[in-house]
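Here is a short briefing on selected side chains. Look over the sequence and the structure first.

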Amino acid sequence: MVDNRIDEPDALLRGDATAYEAGAAPSARVVYRHRVRYHEADAQGFLFNSRFLELADVAMTEYFRALGFPYLALVAAGADPSVVRADLTFMAPARFEDDLSVSATCVRVGTSSFVLAMEVWRDHSRLAELTLTYVNVDPVSATSRPLPEPVAEALVRDRGRSAPRLAK
């Protein structure tokens, strides 16, 4: 099985990654790569629209890994982000066997919430834009709670950052 995570998030944070060629390119850090599999395609051979949210979910976990918080460490620190809003805009379809890159950047940090903007790309074509609002949830009470300080600080440091992109 191929591991589609970006294996060197520290290289991304340091700026050691190779940038895309001039022209259209993701506006944020590429955190996840995915090849569209047969079972993810609909009858037209397109990536089914709900699968874009699955890509975003994996990209969120990889984004935090790049910030130094693998998901179990994120939860151990007291962060349990839950999506409370998702806005998706589709520009072009992804198809079976397409190699996709998902980029993510933090665009807002609140007391108990944050917003990630994501883009899904095939080569130099943007296929979709997603804006996801997450609230930090206490799993016992199912209510919002403030983001842990180290997590909030990492998000604030990274907010709006335009990091180098990985080349295909």
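Is Asp-98 buried or exposed? Asp-98 counts as buried, because its relative accessibility is 14% and the cut-off for buried is under 20%. The model is predicted. The points below cover this residue, then charged pairs, then aromatic rings.

**Asp-98 and its surroundings**

- Asp-98 sits in the loop that runs between strand 2 (81-90) and strand 3 (99-109).
- Its side chain comes to 2.7 Å from the backbone nitrogen of Arg-95.
- Leaving aside residues up to four places away in sequence, Asp-98 touches His-34, Arg-35, Val-36, Pro-93 and Arg-122.

**Salt bridges**

- Side chains of opposite charge can pair when their charged atoms come close.
- The count of salt bridges comes to ten.
- Arg-51 and Glu-54 form one of them, at 3.0 Å from N to O.
- Both residues, Arg-51 and Glu-54, belong to helix 2 (residues 51-66) and are three residues apart, about one turn of the helix.
- Glu-54 has a relative accessible area of 39%, so it is partly exposed.
- Arg-126 bridges to Glu-129, with 3.3 Å between the closest N and O atoms.
- Arg-126 is partly exposed at 34% relative accessibility, and Glu-129 is partly exposed at 30%.
- Asp-138 and Arg-145 meet in a salt bridge at 3.7 Å, N to O.
- Arg-145 is partly exposed, with a relative accessible area of 26%.

**Aromatic pairs**

- A pair of aromatic rings is described by the distance of the centres and the angle of the planes.
- Five aromatic pairs turn up in a search of the whole structure.
- Phe-64 and Phe-114 are an edge-to-face pair, because their planes lie at 80° and the cut-off for that class is over 60 degrees. Their ring centres are 5.5 Å apart.
- This pair links distant parts of the chain: Phe-64 is in helix 2 and Phe-114 in strand 4 (residues 113-122), 50 residues apart.
- Phe-64 and Phe-114 are both buried.
- Phe-114 also pairs with Tyr-134, and this pair is stacked, with 4.9 Å between centres and 10° between planes.
- Here strand 4, which holds Phe-114, is linked to strand 5 (residues 125-138), which holds Tyr-134; the two residues are 20 apart.
- Phe-114 is buried at 1% relative accessibility, and Tyr-134 is buried at 1%.
- Tyr-63, Phe-64, Phe-114 and Tyr-134 make up one aromatic cluster.

How values were computed. Residues are numbered from 1 along each chain as its sequence is written. This is a predicted model: local features need pLDDT of at least 70, side-chain atom pairs count only at pLDDT 80 or more; totals for chains, interfaces and linings use all residues. Side-chain values use heavy atoms; hydrogens and water are left out. Helices (H or I, at least four residues) and strands (E, at least two) are DSSP runs, numbered from the N terminus. Buried means under 20% relative accessible area, exposed over 50%, partly exposed in between (1.4 Å probe, protein chains only). A polar contact is a pair of N or O atoms within 3.5 Å; within protein, one must be able to donate a hydrogen and the other to accept it, and residues adjacent in sequence count only if both atoms are side-chain atoms. Contact means heavy atoms within 4.5 Å. A salt bridge is a side-chain nitrogen of Lys or Arg within 4 Å of a carboxyl oxygen of Asp or Glu. Rings of Phe, Tyr and Trp (its six-membered ring) pair if their centres lie within 6.5 Å; planes under 30 degrees apart count as stacked, over 60 as edge-to-face and the rest as tilted.
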